[in-house]
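Good morning, and thank you for the time.

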Amino acid sequence: MTLGADEGWADEFQRVVESRFNLLSDSPECWFDASRRNTLTDMIRLAVASHFMTGESLATVEWIRQTGRPFATAIQMIAPIRLSNPDGLPDSAELSRGVQRDANGAAIGYHFRVSHPTEFFDARSFQWKYVPARKPWGRVQVIHIAEQLQPGQTRGVADMVSVLKNMR
């Protein structure tokens, strides 16, 4: 028997899965957000706003084992300004604006400030955490959405920058 052989079963399965997904994504418990502040729709809006303002959206995929959670995977949104070279190191062939790259230019990891750089009185704003781009078994660990405009570019360019340049 193939999956398509019993359309009644397939329709019921689809209805149940969509219903559960919608219930979880719109839950006031904000299960998809690691910080538990935003629904899935709110997180998407935040990613779009970030992409418009900075030219990129950043997040890490977290695994949260906690009693009562319906699933362990959660997304932690990250301000793109936190992605930077540790201790102010200059860019190189392997490290560019916080993105660690292999010999072919593929991202293999990301350096994030532990705290937002404008929080001057927080000592963690001078500490970095390295997050590999993927887990050893291949699962994506960092979601970095940026439109590449030229070869070798590792970070996004905000749409507002091009508009301001044309207005000059």
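Are Tyr110 and Phe112 buried or exposed? Tyr110 is buried, and Phe112 is buried as well. Please keep in mind throughout that what you see is a predicted model.

Let me turn to the aromatic pairs. The count comes to four, with ring centres required to lie within 6.5 Å. A pair of aromatic rings is described by two quantities, the distance of the centres and the angle of the planes.

Consider Phe21 and Phe32. Their ring centres are 5.7 Å apart and their planes stand at 70°, so this pair is edge-to-face; the cut-off for that class is over 60 degrees. Phe21 belongs to helix 1, residues 7–25, whereas Phe32 lies in the loop between helix 1 and helix 2 (40–54). The pair therefore ties together parts that are 11 residues apart in sequence. The two residues may also be described by accessibility. Phe21, at 40% relative accessibility, counts as partly exposed, while Phe32, at 18%, counts as buried, because buried means under 20%.

Now back to Tyr110 and Phe112. Here the ring centres are 6.2 Å apart and the planes are at 15°, so the pair is stacked; the planes of a stacked pair are under 30 degrees apart.

Which residues form one aromatic cluster? They are Phe21, Phe32 and Phe71.

Next, the surface. A nonpolar patch is formed there by Trp9, Phe13 and Val17, which together have about 310 Å² of accessible area. Of these residues, Trp9 has its place in helix 1. Trp9 is partly exposed, its relative accessible area being 44%.

I come finally to the sheet. Strands of a sheet pair through backbone hydrogen bonds, and the sense may be parallel or antiparallel. In this model four strands form an open sheet in the order 3-4-5-6, with antiparallel pairing. Strand 3 (95–96) and strand 6 (128–132) are the edge strands, each pairing on one side only.

How many bridges join strand 5 and strand 6? Strand 5, residues 107–113, pairs with strand 6 over five bridges, in the antiparallel sense. Within this part of the model, His111 stands opposite Tyr130 of strand 6.

To close, I would return to the two ring pairs: Phe21 with Phe32 is edge-to-face, and Tyr110 with Phe112 is stacked. Thank you for your attention.

Technical notes. Residues are numbered from 1 along each chain as its sequence is written. This is a predicted model: local features need pLDDT of at least 70, side-chain atom pairs count only at pLDDT 80 or more; totals for chains, interfaces and linings use all residues. Side-chain values use heavy atoms; hydrogens and water are left out. Rings of Phe, Tyr and Trp (its six-membered ring) pair if their centres lie within 6.5 Å; planes under 30 degrees apart count as stacked, over 60 as edge-to-face and the rest as tilted. Helices (H or I, at least four residues) and strands (E, at least two) are DSSP runs, numbered from the N terminus. Buried means under 20% relative accessible area, exposed over 50%, partly exposed in between (1.4 Å probe, protein chains only). Patches are made of residues with over 30% relative accessible area and no salt bridge: like charges are joined within 9 Å, nonpolar side chains (Val, Leu, Ile, Met, Phe, Trp, Tyr) within 5 Å. Accessible areas come from the Shrake-Rupley method with a 1.4 Å probe; for residues, only the protein chains shown count as cover. A salt bridge is a side-chain nitrogen of Lys or Arg within 4 Å of a carboxyl oxygen of Asp or Glu. Two strands pair if DSSP finds at least two bridges between them.
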